[in-house]
Amino acid sequence: MPHATQSLAAKDIAYTLHPYTDLVVHEQSGPLIITRGQGIYLWDSEDKQYIDGFAGLWCTALGFSEKRLIEAATRQLATLPFSHTFAHRSTIPVIELAERLIRMAPEPMTKVYFVNSGSEAVDTAMKLVWYYNNALGRPQKKKIISRKRAYHGVTIAAGSLTALPFVQNDFDLPIGRVLHTDTPHYYRHAEPGESEEAFSARLAASLEQLIEQEGSDTVAAFIAEPVMGAGGLIVPPRGYFEKVQEVLRRHDVLMIADEVICGFGRTGNMWGSQTYNVCPDMITCAKQLSSAYVPIGAVMISDDIYQALREQSHKHGVFGTGNTYGGHPVAAAVALETLKIYEERDIVGYVRRVAPHFQERLKALGQHPLVGDSRAAGLLGGIELVADKGSKQSFAMQAKAATQVVTAALRQGLIVRQLPGDAVGICPPLIIAEKEIDDLFDRLGRALDEAHKALASAAA
Ligand SMILES: Cc1ncc(COP(=O)(O)O)c(C=O)c1O
């Protein structure tokens, strides 16, 4: 290892506490230090090149060298580096971004509240649901239902809605008033011979049973990612959201669409909600909102919700919530430019043009002996690894099958991410070209071969 990298690695080990990392292993392995990016490519401190097949963390839609975003940030920094949105203040980028977002959003959305991350957006959505029901004089109607294996972030409320043990263990989560219903994972949980529609109907019935058990006067909202991302790349079965929303309407339960991954073209529509017929009362978004060049997230709400909030805030004399950096003018300026680029370059149309090729290459991986299932929506893909394809038997935990694939992929110059349930997620920047898609899948194929050999020799 060159001296400069060695010295940086030593400092990283000495001073940095890394999220989603085994801290003991990190002391030995040290970091992979990424130093620069261009298009869909990244380079590390030893000048090794990688295809970023995960768009950072499902977020760098426009790749790593979009000059217009750099210029938008620089212009705003030079004009007004900070001003807030508390107590009637506003800025030009915030006003323009809010207008543009509402114009793009599904029908009932009328107002936007800006935050700095997906987790903050989800926490805020939860607070707004509670405030809304207090405003309506329904102080009991407060429980929020999420789904097992959902990922909604890590802050105390969002981390409670997230239903993955490694996010909650020893952090004393979840908090109260959070419930979890079934994962819509057809490959794993459908009964033999059950159609996707019948599976969806069964899950909707189970949701209804949960609401009735708890009492619908206590259940306020249901939150869902259109495609479940960090829980294992789980695409909803046919009819799922239609059936679920019939139940929600019957029990007067709000629908929150968590569009933090799916928003802004990822699934081949501007919103994942459009791809899967979700009619949300609230939307949370972040990540691709600024192509991740600066941190920004948002919560959008319907007019019905807004009407209740306005009355209640007037009663108190203040809408008593706010983040110093919510609606930061530099973040707003970059997000605004990002949305202009999406529109001018017809990013949704582009995703629709290249997604069939992406999905064809993904599906072909289904032939590989390690791959039990492959799932995709737009430019979002996942494979689930199995020890035995016929019986769908999983690998033992200790085999760390998905980690082996991801590590082999790194050796091949490809970044993908292991997800729960021995899944591997693929989520390239939306600007990826067809021949780059081929390069990505060629590298992933070689990584699967390498991991297959290693797993077979470990089992022998
Ligand atoms: C669907 C979803 N919601 C919320 C979050 C949390 O976002 P953040 O990491 O910006 O807090 C994520 C992060 O991956 C996500 O995938």
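**View 1. Residues around the ligand.** In this predicted model, the ligand is surrounded by Ser117, Gly118, Ser119, Tyr151, His152, Gly153, Glu225, Asp258, Val260, Ile261 and Lys287, where near means that a heavy atom lies within 4 Å. By class, this shell holds three nonpolar, five polar and three charged residues; Ala, Val, Leu, Ile, Met, Phe, Trp, Tyr, Cys and Pro count as nonpolar, Asp, Glu, Lys and Arg as charged, and the others, Gly among them, as polar. Residues are numbered from 1 along each chain as its sequence is written. Local features need pLDDT of at least 70, side-chain atom pairs count only at pLDDT 80 or more, totals for chains, interfaces and linings use all residues, and side-chain values use heavy atoms, with hydrogens and water left out.

View 2. A backbone N or O atom of glycine 118 is 2.9 Å from a ligand oxygen atom. Aspartate 258 has a polar side-chain atom 2.7 Å from a ligand nitrogen atom. In lysine 287, a side-chain N or O atom lies 3.0 Å from an oxygen atom of the ligand. The ligand taken alone exposes 390 Å², and the protein buries 84% of that (Shrake-Rupley method, 1.4 Å probe).

**View 3. Strand 10 and its partners.** Strands are DSSP runs (E, at least two residues), numbered from the N terminus, and two of them pair if DSSP finds at least two bridges between them. Strand 4 (residues 109-115) pairs with strand 10 in the antiparallel sense over six bridges. Strand 9 (residues 282-285) also runs antiparallel to strand 10, joined by four bridges. Isoleucine 301 is the bridge partner of lysine 111 and of methionine 282.

**View 4. Burial of strand 10.** Six of the six residues of strand 10 (residues 297-302) are buried, so this strand is largely enclosed by the rest of the structure; buried means under 20% relative accessible area (1.4 Å probe, protein chains only). Gly297, Val299 and Ile301 are buried on one side, and Ala298, Met300 and Ser302 on the other.

Conventions. Polar contact = N/O pair within 3.5 Å; in protein donor to acceptor, adjacent residues only side chain to side chain. Buried < 20%, exposed > 50% of the residue type's maximum accessible area, 1.4 Å probe, protein only.
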